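Trainee: I have a model open and want to learn how to read it. Where do we begin?

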Amino acid sequence: GLPARVRVHEVGPRDGLQNEKALLPFDVKAEFIHRLAAAGLTTIEATSFVHPKWVPQLADAERLFPLLRDLDGVRLPVLVPNERGLDRALALGAREVAVFASVTESFARANLNRTVDESLAMFTPVIARALDAEVPVRGYLSMCFGDPWEGEVPVDRVVRVARRLIDLGCAELSLGDTIGVATPGQVTALLTALNGAGIPTERLAVHFHDTYGQALANTLTALRHGVTTVDASAGGLGGCPFAKSATGNLATEDLLWMLEGLGIETGVDLDRLTGTSLWLAAHLGRPSPSRTVSALSPK
Ligand code: HMG
Ligand code: MG
């Protein structure tokens, strides 16, 4: 069966923008987030507290985050790789954070300058201190299906990192297809293995990039396995600058078109969201890669 309701975890302001070369002013980002909230999104990943030289687009987190204080009732998780990032986030009053692990050694090195185990050691005090502050932690797992340097990723390696993140205290895990190579059979295999390892499906989210046009098929497969939290990016922007060949995330509008057709509720208004993506595309100076945004835009 399929769920009656899906929670969309909107990653546009973070994953969507982090790969954009031209720096978007922080007040435009704040307006973007307000427009996303007005469209009905209730979980909006706002920014990252990473090293500013690594991700220059998000170096303005200290200026952006205070502009979001009026967004009552909207969850605004932020990425924190280490204790320095957590300190910055907590100082601004962040109420929810995410750490981001890699399943593969190649990407752990490229994205975090660490081995997989060193990165988990780096996250250990981050998660413990966040939980002490009553700040829930999401754990991302990148390269769950394929890796640009290592090829197909064995399921048992994903299960191992997932287990570690749960044991460290992550409330939710987001399974990342960072470079968008997964196909539905792999999604079934991974969700079955995680379930077999005792990780409850209620604590899993899926995070698909759409490089090969498989993101919706993969999402539908995950919904059939009981997943009810889906990451998506308004307008289909996104990608990780440290992952060779990564392109945009599953577009939130494409997701909504499918969910509306299936009668699955999200609370998000597709027309208002499309309007927001068209508005942002004008700021970025290029059209949204989303098929649905393109189909619904005035000709
Ligand atoms: P490092 O060079 O090993 O850092 O980078 P370090 O710990 O050796 O520290 C070096 C210097 O950086 C120190 O300064 C630190 O204070 C400073 P110094 O003492 O030399 O003057 N520093 C910081 N400054 C500000 N904020 C911080 C911070 N940390 C250290 N948080 C590090 C390690 C993790 C910092 C670096 O690798 C990094 O920032 N990586 C971020 C990469 C990133 O943001 N990638 C994109 C997000 S992941 C993604 O997109 C995938 C996802 O969407 C899921 C999917 O699709 O699979 C989530
Ligand atoms: Mg991503």
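Mentor: Begin with one helix. In α10, the buried residues are T252, E253, D254, L255, L256, W257 and L259. Keep in mind that this is a predicted model.

Trainee: Why is α10 described as largely enclosed by the rest of the structure?

Mentor: An α-helix has 3.6 residues a turn, so residues three or four places apart point the same way. Now the case here. Helix α10 covers residues 252–261, and seven of its 10 residues are buried, so the helix is largely enclosed by the rest of the structure.

Trainee: Show me one pair. How many bridges join β1 and β11?

Mentor: Four bridges, in the parallel sense. Strand β1 spans residues 7–10 and β11 spans residues 229–232. Take E10 as an example: its bridge partner in β11 is A232.

Trainee: Now pick a residue in β1. Is H9 buried or exposed?

Mentor: H9 lies in strand β1. It has 25 C-beta neighbours inside 10 Å, so H9 counts as buried; the cut-off is 20 or more. Beyond its neighbours within four places in sequence, H9 is in contact with T43, E45, A205, T229, V230 and D231.

Trainee: How far apart are the C-alpha atoms of H9 and L24?

Mentor: They are separated by 22 Å, and the two residues are 15 apart along the chain.

Trainee: Next, β5. Which way do its residues point?

Mentor: In a regular strand the side chains alternate between the two faces of the sheet. In β5, V97, V99 and A101 point one way. A98, F100 and S102 point the other way. The strand covers residues 97–102, and six of its six residues are buried.

Trainee: What does β5 pair with?

Mentor: On one side is β4 (residues 78–79), joined to β5 by two bridges and running parallel. There, V78 has V97 as its bridge partner. β5 also pairs with β6 (residues 137–142), in the parallel sense over six bridges. A101 stands opposite L141 in β6.

Trainee: Which helix makes a β-α-β unit with β4 and β5?

Mentor: Helix α4, residues 83–91, and the unit is right-handed.

Trainee: Last, the ligand. How many residues surround ligand 1?

Mentor: There are 25, and the closest are V50, G85, S142, G176 and T178. Helix α4 returns here: it gives the largest share of the shell, three residues. At least two residues each come from α1 (12–18), α4, α5 (105–112) and β6. By type, the shell has 11 nonpolar, 11 polar and three charged residues.

Trainee: And what does the UniProt record place at residues 6–274?

Mentor: The unreviewed entry lists the feature "domain: Pyruvate carboxyltransferase" there. Over residues 6–274 the chain is 41% helix and 15% strand. The end C-alpha atoms of that stretch are 19 Å apart.

How values were computed:
Residues are numbered from 1 along each chain as its sequence is written. Chains are lettered from A and ligands numbered from 1 in the order in which they are written. This is a predicted model: local features need pLDDT of at least 70, side-chain atom pairs count only at pLDDT 80 or more; totals for chains, interfaces and linings use all residues. UniProt positions are given in the numbering used here, feature names are shortened, and annotations may be inferred rather than shown by experiment. Two strands pair if DSSP finds at least two bridges between them. A residue is buried if 20 or more other C-beta atoms lie within 10 Å of its own, exposed if 12 or fewer, and partly exposed in between; C-beta atoms are placed from the backbone. A crossover is right-handed if, with the strands pointing away from the viewer, the path from the first strand over the helix to the second runs clockwise. A residue is near a molecule or strand if its C-beta atom, placed from the backbone, lies within 6 Å of it. Ala, Val, Leu, Ile, Met, Phe, Trp, Tyr, Cys and Pro count as nonpolar, Asp, Glu, Lys and Arg as charged, and the others, Gly among them, as polar. Two residues are in contact if their C-beta atoms, placed from the backbone, lie within 7 Å.
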